[in-house]
Amino acid sequence: MATPRAKEAAKYLEKHKIVELMNNLTSNVLFYRPEDPKEFLIGFLDQLKESRDNRVDGPCLFNESNLDSVFGLIDPTNEGYVTYAQYKEALLTLGVSHIDECPEGADHDRISRETFTEEA
């Protein structure tokens, strides 16, 4: 059973999304493999702060071209849509932790490329 201190720590980490932040930082360092990881992380954190302050999307590991490629892998017949199960599994694979349980098209089990890209 967790101690009160451990429960308090877990609540703090969840409230401030520390685990997600660390996963994001680590993923970006491993993806870009900068010569100076500390300087890279400082710059990345500055970008995150600026995007938060200006209420715009922050830096992202995947660009639209990457997401189109992922969608193409789960839509090999190029129909322009995938099932909800495919959509959800692909987002989980990409590391998306907050998935819309009822995205546009879910009622017909046809999630479009546009919806997938927006959610990712």
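Colleague: What is valine 82 in contact with, leaving aside its neighbours within four places in sequence?

Modeller: Phe71, Ile74, Asp75, Tyr87, Asp109, Arg110 and Ile111. Contact means heavy atoms within 4.5 Å. A word on the source: this is a predicted model, where local features need pLDDT of at least 70, side-chain atom pairs count only at pLDDT 80 or more, and totals for chains, interfaces and linings use all residues. Residues are numbered from 1 along each chain as its sequence is written, and side-chain values use heavy atoms, with hydrogens and water left out.

Colleague: Why is valine 82 called buried?

Modeller: Its relative accessible area is 1%. Buried means under 20%, exposed over 50%, partly exposed in between (1.4 Å probe, protein chains only). So valine 82 counts as buried. In the chain, buried residues make up 21% of the 120 residues.

Colleague: Which strand holds valine 82?

Modeller: Strand E1, residues 81-82. Strands (E, at least two residues) and helices (H or I, at least four) are DSSP runs, numbered from the N terminus. The chain has six helices and two strands, in the order α-α-α-α-β-α-β-α.

Colleague: How do you know whether the chain is compact or more spread out?

Modeller: Take the radius of gyration, computed over C-alpha atoms. The globule rule is 2.2 Å times the number of residues to the power 0.38. For 120 residues that rule gives 14 Å, and the chain has 17 Å, well over it, so the chain is more spread out than a compact globule. Its C-alpha atoms fill a box of roughly 50 × 45 × 25 Å along the principal axes.

Colleague: What makes a set of residues a nonpolar core?

Modeller: The set holds buried Ala, Val, Leu, Ile, Met, Phe, Trp, Tyr and Cys residues, joined through side-chain atoms within 4.5 Å. The largest one here has 14 residues. Ile74, Val82, Tyr87, Leu91, Ile111 and Phe116 touch the most other members. Helix H4 (64-74) and helix H5 (84-94) each supply at least two residues of this core. H5 gives the most, with five.

Colleague: Why might nonpolar side chains be found together?

Modeller: In soluble globular proteins, they tend to be buried together.

Colleague: Which residues does isoleucine 111 contact, its neighbours within four places aside?

Modeller: Among them are Phe71, Val82, Tyr87 and Phe116. Gly80, Pro103 and Ala106 are also included.
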